[in-house]
Amino acid sequence: MKMVKKLFLFALVMFSALLMGCGEPLPEGMPRLIPCELTLLQEGKPLVGATVSLLPEKDQARWNLVGITNESGTANILANGKYKGVPEGKYKIIIIKVETEAGTGPAIPQAGEPGYDEAVANLDKRPPAKRFTLVEDKYSNPKDTPLAIDIPARGSVRQNIEAGKAVRISK
């Protein structure tokens, strides 16, 4: 009976390990990924809600390597949107953060309310929404960015990245 219990416990542990697993297997051709956590700072403060992309400096296989910063300015870089990490190599760092202000004008009534049809018919006469970039242009341009990172073959990467001064540039 003790042997049956031991086998049952062993099977339960193995099944649990199988369920937790190592995550989804990498697509064919995708190299080993190194966990990469970048914390973006702007004038020493976390840059929240920014998109950070890594672009290979050489003609490496092109995988989409992107992360979005959280409330502490930290982004975990994902390959192809779901695989945690970055292949070994040298990369340029691109940072984008955009803010949009809705165009001004009177509020549009709800569908079915008086004035709705007229308001919708005149939407093209409303001032357009305004867009602002909140990161200096050089950080969002692959040719101009001074930011780079070297991903090693083993281990993991945790790095703070200074994204320049806080700006609000109309686009």
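**Reading a predicted model, feature by feature**

In this predicted model, 71% of the contacts in the protein with a separation of 6 or more are between residues 24 or more positions apart.

Me: How many helices and strands does the protein have?

Reply: There are two helices and 15 strands. Buried residues make up 29% of the 171 residues. The accessible surface comes to about 11,700 Å², and carbon and sulfur atoms account for 57% of that surface.

Me: What is the mean pLDDT of the protein, and what share of its residues reach 70 or more?

Reply: The mean pLDDT is 84, and 82% of the residues reach 70 or more. Residues 3-21 have a pLDDT below 50, and beyond near neighbours in sequence this stretch has zero contacts in the model.

Me: In what order do the strands of the open sheet of six strands come?

Reply: Strands of a sheet pair through backbone hydrogen bonds, and the pairing is either parallel or antiparallel. Here the order is E8-E7-E5-E4-E10-E13, with antiparallel pairing.

Me: Which strands stand at the edges?

Reply: Strand E8 (83-84) and strand E13 (148-151) do. Each has a single partner strand, so one side of each is left without a neighbour in the sheet.

Me: How many bridges join strand E4 to strand E5?

Reply: Three bridges join E4 (residues 51-56) to E5 (residues 65-68), and the two strands run antiparallel.

Me: How many bridges join E5 to strand E7?

Reply: Two bridges join E5 to E7 (residues 78-79), again with the strands running antiparallel. Val66 has Leu78 as its bridge partner in E7.

Me: Which residues of E5 are on its covered face, and which on its uncovered face?

Reply: Leu65 and Gly67 form the covered face, while Val66 and Ile68 form the uncovered one.

Me: How many aromatic pairs does a search of the whole structure find?

Reply: A pair of aromatic rings is described by the distance of the centres and the angle of the planes. In this structure the search finds zero such pairs.

Me: What sits over the ring of Phe132?

Reply: The charged end of Arg168 does, 3.7 Å from the centre of the ring.

Methods: Residues numbered from 1 in each chain as written. Predicted model: local features only at pLDDT ≥ 70, side-chain atom pairs only at ≥ 80, totals over all residues. Heavy atoms only, no water. Helix = DSSP H or I, 4+ residues; strand = E, 2+ residues; numbered from the N terminus. Buried < 20%, exposed > 50% of the residue type's maximum accessible area, 1.4 Å probe, protein only. Contact = heavy atoms within 4.5 Å. Areas by Shrake-Rupley, 256 points an atom, 1.4 Å probe, with all protein chains shown as cover. Pairing = 2+ DSSP bridges. Phe/Tyr/Trp six-rings, centres within 6.5 Å; stacked < 30°, edge-to-face > 60°. Lys NZ or Arg CZ within 6 Å of the ring centre and 35° of its normal. pLDDT = per-residue confidence, 0-100.
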